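Reader: Hi! Could you walk me through this one while I have it open?
Author: Happy to, let's go piece by piece.

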Amino acid sequence: MDLFEKLTARAKANKQRIVLPEGNEPRTLTAADNILADGIAEIILIGDPVEIKELAAELKLNHIDKAKIINPADEKVIDKYAPLLLQLRKKKGMTEEESRLTAANPLYLGCLMVKSGDADGQVAGARNTTGNVLRAAFQVIKTMPGIEVVSGAFIMLLPEGLPFGTDGILVFADCAVVPDPTAPQLGQIAVAAAKTAHDIAQIEPRVALLSYSTKGSAEGPAVDKVIEALAVAKALDPNLIIDGELQTDAAIVPSVANMKAPNSPLSGRANVLVFPNLEVGNIAYKLVQRLGKVQAVGPVLQGLAAPVNDLSRGCFPEDIYKTIIITCNQAIGMKE
Ligand code: ACO
């Protein structure tokens with residue numbers, strides 16, 4: 001069974017309610033139809049019901065009648081969810097009128113449904129920018145206990161025969177969100193990435209905090225940041241198998257680890273690689289993906305109190321389908 005077969009089976013066995021704020025977006029609607037046809041999740045579409053049904057007929061989709069449709073123009077819907085938004089944002093100066101207007105924004109409405117317990121996760125971004133998808137999630141859903149920063153991981157599925165990671169899988173973070181994390185934020189990203197590795201990549205995490213230095217071989221503020229992040233991560237999760245600061249070869253090649261970091265608990269067998277900042281993380285995942293013919297699944301947003309995932313605006317229905325499956329598994333993992 002490959003990773004997606006495992007994740008699909010787990011989602012089907014414990015159906016989650018996934019809200020799709022871009023309910024009238026053709027690729028999103030097609031993915032929703034496929035998810036419903038395959039019995040993977042319950043789907044909540046946000047949008048004008050008439051428009052959604054017309055689009056479904058046009059696209060010849062046969063399962064959309066199984067979805068729940070929430071109309072953001074319905075005053076009763078806004079009456080239900082705006083008070084929660086006002087409560088969450090009052091301190092930031094939001095007025096009642098603003099809360100009603102913002103609650104009618106499907107990205108916020110979906111997050112409000114998740115926050116209220118009326119949905120288990122949200123997937124959006126086929127039409128909206130990353131910033132807009134993330135901001136609604138940051139403001140409404142907020143972070144999980146112990147974590148103050150949301151970040152984005154990629155699950156890297158290596159071609160057969162490469163002796164890295166576990167079962168050909170590595171998790172990379174943060175490759176998507178936090179431009180220049182502080183040391184405490186980097187430590188939190190490491191802990192969140194370990195959870196992604198466990199819940200989604202289904203591997204036992206062995207986390208390396210990467211640097212240009214291995215165990216004092218070089219010095220500088222960037223090295224100090226990684227060393228401090230290691231202490232933060234260990235304090236957050238004392239049972240985590242984690243080490244740093246390590247160069248990549250000392251993290252993933254046992255013979256190099258033996259020379260450069262003989263006492264490392266990772267022994268050169270790290271499967272979660274945490275990059276010191278977004279510049280490195282984003283460039284690294286794209287290089288590995290292209291040069292190594294590696295499949296990069298994600299970004300999987302991690303650190304939120306309930307799962308929300310962002311899509312690329314160039315995505316295909318298949319990408320949305322897979323992101324819904326990942327979101328279901330995050331929701332299941334969080335409940336466990
Ligand atoms: N985690 C948790 N909360 C956050 C985070 C975070 N990482 N970043 C911002 N917030 C919160 C803030 O505290 C603030 O909360 P408040 O309103 O309650 O005070 C709110 O979110 C908005 O904060 P801003 O500083 O206004 O954040 P902004 O909206 O400007 O930026 C964003 C957030 C869009 C995610 C920014 O960090 C960003 O652009 N990151 C890079 C994204 C990117 O382009 N990635 C590369 C492409 S993705 C890819 O290649 C796969």
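**Helix pairs, ligand and backbone**

Author: Helix H6 (residues 106-116) and helix H7 (residues 130-140) cross at roughly 35°, and their axes come within 9 Å. Axes here are lines fitted to C-alpha atoms, for helices over the stretch in contact, with angles from 0 to 180 degrees between N-to-C directions. Helices (H or I, at least four residues) and strands (E, at least two) are DSSP runs, numbered from the N terminus. This is a predicted model, where local features need pLDDT of at least 70 and side-chain atom pairs pLDDT 80 or more, while totals for chains, interfaces and linings use all residues. Residues are numbered from 1 along each chain as its sequence is written, and side-chain values use heavy atoms, leaving out hydrogens and water.

Reader: Thanks! Which residues of H6 and H7 make the contact?
Author: Leu-107, Tyr-108, Cys-111, Leu-112 and Lys-115 of H6 meet Asn-132, Val-133, Arg-135, Ala-136, Ala-137, Gln-139 and Val-140 of H7; contact means heavy atoms within 4.5 Å. By class, the contact of H6 with H7 has 8 nonpolar, 2 polar and 2 charged residues. Ala, Val, Leu, Ile, Met, Phe, Trp, Tyr, Cys and Pro count as nonpolar, Asp, Glu, Lys and Arg as charged, and the others, Gly among them, as polar.

Reader: How many residues surround the ligand?
Author: There are 17, and the closest are Arg-89, Arg-135, Val-150, Ala-176 and Val-177; a residue counts as near if one of its heavy atoms lies within 4 Å. A backbone N or O atom of Val-177 is 2.8 Å from a nitrogen atom of the ligand. In the side chain of Asn-282, an N or O atom is 3.0 Å from an oxygen atom of the ligand.

Reader: Back to helices. At what angle do H8 and H9 pack?
Author: Helix H8 (residues 183-199) and helix H9 (residues 221-236) pack at about 50°, with their axes 7 Å apart. That makes H8 oblique to H9; angles under 35 degrees count as roughly parallel, over 145 as roughly antiparallel, 65 to 115 as roughly perpendicular and the rest as oblique. By class, the contact of H8 with H9 has 10 nonpolar, 2 polar and 2 charged residues.

Reader: And what about H4 with H5, what is the angle there?
Author: Helix H4 (residues 75-89) and helix H5 (residues 96-103) pack at about 120°, with their axes 8 Å apart. That makes H4 oblique to H5. The residues of this contact of H4 with H5 divide into 5 nonpolar, 2 polar and 4 charged.

Reader: Switching to the backbone: where is there a cis peptide bond?
Author: One joins Gly-244 and Glu-245, with omega about -10°, and Glu-245 lies in strand S8 (residues 241-246). The bond from Gly-298 to Pro-299 is cis too, with omega near 5°; Pro-299 lies in strand S10 (residues 295-302).

Reader: Which value does phi of Lys-60 have?
Author: Phi of Lys-60 is near 55°, a positive value in a residue other than glycine. Most residues other than glycine have a negative phi. Lys-60 sits in the loop between helix H3 (49-58) and strand S3 (68-70).

Definitions and conventions. Polar contact = N/O pair within 3.5 Å; in protein donor to acceptor, adjacent residues only side chain to side chain.
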